Amino acid sequence: MNSYRYQGKTALITGASSGIGEAYAKALAARGCHVILTARSQAKLEALANEITRAHGVQAYALPCDLSQAGAPHLLAQSVSKLGLTVDILINNAGFGTYGRFEDIDPAREQAEIMLNTGALVELTHFYLPGMLERKDGIVVNVASMAAFAPCAYLAVYGATKAFVLSFSEALWAETRGRGVRVMALCPGATDTGFFDEVGNRDMVAGNKMSTPQSVVQAGFRGIDQGSSYSIDGRGNYATALICRLLPRRSLALINERNSRPR
C-alpha cells in the first residue's frame, strides 16, 4: 500500500493532552495535518494547540471533553461540526486502566473505563467512518495494547477492553479493505507515559526498558503505510504477541497472574 498523504488533512485525536496522544498530535502536525485535540484538561489542550500552531503553521483546535461520560462522543462530534471541520483521520487514543483484585475495584470506575476504552471509541468511529468511506479516503487508528493478546489478571477489565479494540479494528480493517480507508489497531507495550503511575503499579515495569510515545507513533505510521490491520512497536513486543497466539489461554492467564500479582 502507498504512503498516505497527510498534508492539508484534519485529524481528531482523543486523549491528546499527554503521552501517545500528544505525540500523535505533534507528529501529524509535522506532516502538515490540522489537528483537533480532545481530552479532559482544557488548559493542557490549549497550551498544546498553541505550541503546535506556532511550530508547524497548521490549525489546532482544543475541544475539552470527558469521553467516559454518556453522550460525550455525540457532544464532541457536534462541536467539531460547528467548527465546519471534516475529520479525515481519527486517532482513538483515549483510555485508562484499573489495577487490583477485581472484587476490590470500584465498579463505577470500571464502568467509566469500559465506556472510554470501548464505547466512546466505537461511537466516534460510527460518526466518522461513513464519511471517510463516502470520500474513499481516511484513516482510523484505534490504540489497543499488548494487553490485547492475553488475559491480564489484576488488569482484567483493561485487558478485556483492549482485546475488544484489537478484534474490532481487525474486523473493520477487513470490511473496509480496498475502499480507500485504512483501519488499524496500534498495540503498544510498556510505554513511558503516566499509565503505570495512574494504575498504581510501576513494579510491573521495574527494570524493563519502556518505549517512548514517539516510537509508538512511528510504528503507527509504518503500519498505516503497510496496510496492516495492527501494528506493534518493537521486535520484542512483536515476538511476545506471536507467542501469545500460540500458547494455551489458560497458561497465558496463569503466567500473567504471577507476573502482575499485587505485592
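This is a short tour of a predicted model, stop by stop. Local features are described only where pLDDT is at least 70, side-chain atom pairs count only at pLDDT 80 or more, and totals for chains, interfaces and linings use all residues. Residues are numbered from 1 along each chain as its sequence is written, and side-chain values use heavy atoms, with hydrogens and water left out.

**Stop 1: salt bridges**

Side chains of opposite charge can pair when their charged atoms come close. Here a salt bridge is a side-chain nitrogen of Lys or Arg within 4 Å of a carboxyl oxygen of Asp or Glu. How many salt bridges does a search of the whole structure find? It finds six.

Select Lys 9 and Asp 137. They form a salt bridge whose closest N and O atoms are 3.1 Å apart. Asp 137 sits in the loop between helix 4 and strand 5, while Lys 9 is in the segment before strand 1 (10-14), so this pair ties together parts that are 128 residues apart in sequence. Helices (H or I, at least four residues) and strands (E, at least two) are DSSP runs, numbered from the N terminus. Is Lys 9 buried or exposed? Lys 9 counts as buried, at 18% relative accessibility, whereas Asp 137 is partly exposed at 22%. The cut-offs are under 20% relative accessible area for buried, over 50% for exposed and in between for partly exposed (1.4 Å probe, protein chains only).

Now pick Lys 26 and Glu 51, a salt bridge with its closest N and O atoms 3.3 Å apart. Lys 26 belongs to helix 1 (residues 19-30) and Glu 51 to helix 2 (residues 42-56), so the pair links parts 25 residues apart in sequence.

Move on to Arg 261 and Glu 257, whose side chains meet in a salt bridge at 2.7 Å, N to O.

**Stop 2**

Most residues other than glycine have a negative phi. Click Lys 136 and you get a positive one, near 55 degrees. Lys 136 is in the loop between helix 4 (107-135) and strand 5 (138-143), and is exposed at 63% relative accessible area.

Tyr 154 is in the loop between strand 5 and helix 5 (156-176) and counts as buried, at 11%.

**Stop 3: a pocket**

Select Ala 219, Arg 222, Gly 223, Gln 226, Ser 228, Tyr 230, Ser 231, Ile 232 and Tyr 238, which line the second largest pocket. On a 1 Å grid over the protein atoms alone, a pocket is an open set of points where a 1.4 Å probe fits, with protein on both sides within 12 Å along at least five of seven lines, and lining residues have an atom within 4 Å of a point. Which helix gives the most to this lining? Helix 7 does, with four residues. The pocket's volume is about 180 Å³, counted as the space filled by probe spheres set on the points.

**Last stop: helix 9**

Finish at Ile 255, in helix 9 (residues 249-260). Ile 255 counts as partly exposed, at 33% relative accessibility.
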